[in-house]
Amino acid sequence: KGNTMQFDNVDRGTVEQMVRAFYTRALEDKMIGPTFKKKLGDDINSLKWYEHLKTLDKFWYTMMTGEHGYRGHPFPPHMFITPLTRKMFERWLELFKDTVDVYFIPEIADAFYTKAEEFAEEFMENLSVDDEDEW
């Protein structure tokens, strides 16, 4: 994997490639895949997924560039997905990190990952995800 040229810029095209690669992996993942399949189906080329991915492209593009594009709130769509656990968020972050590391040079990959971590924390707070391991 190390021989692919990493992107040194964030534009709609590079974000799109990363988002697709990430969700393709997420869908195949044993831990978090089933949640996505339940919500969006197991065919990443379906219309439902297409719309979700388009939203995510805009979301990440806006997050990374500050340019407008994404309108809406990321939390409500996730409120009724149950159960979401801290382990699932950690797995999501792990896959996300692996993917941005492959697609982007380190400083851009790190910026993506920092945003993702902030979001994961915020999501867990907003969705009152339980730390089931603390007991």
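A: A salt bridge here is a side-chain nitrogen of Lys or Arg within 4 Å of a carboxyl oxygen of Asp or Glu. The model is predicted, so local features need pLDDT of at least 70, side-chain atom pairs count only at pLDDT 80 or more, and totals for chains, interfaces and linings use all residues. Residues are numbered from 1 along each chain as its sequence is written, and side-chain values use heavy atoms, with hydrogens and water left out.

By this rule there are eight salt bridges. One of them joins Glu121 and Arg86, at 3.7 Å from N to O. Glu121 lies in helix H5 (residues 106–126) and Arg86 in helix H4 (residues 86–103), so this pair links distant parts of the chain, 35 residues apart. Helices are DSSP runs (H or I, at least four residues), numbered from the N terminus. Glu121 is partly exposed at 41% relative accessibility. Arg86 is partly exposed too, at 24%. Buried means under 20% relative accessible area, exposed over 50%, partly exposed in between (1.4 Å probe, protein chains only).

Arg20 pairs with Asp57, with the closest N and O atoms 3.4 Å apart. Arg20 sits in helix H1 (residues 12–28) and Asp57 in helix H3 (residues 47–65), so the bridge ties together parts 37 residues apart in sequence. Arg20 is partly exposed at 26%. Asp57 is buried at 7%.

Within helix H4, Arg91 and Glu94 are three residues apart, about one helical turn. Their side chains meet at 2.9 Å, N to O, in a salt bridge. Glu94 is partly exposed, at 43%. Shared partners also join Glu16, Arg20, Lys54 and Asp57 into one salt-bridge network.

Terms used:
Helix = DSSP H or I, 4+ residues; strand = E, 2+ residues; numbered from the N terminus.
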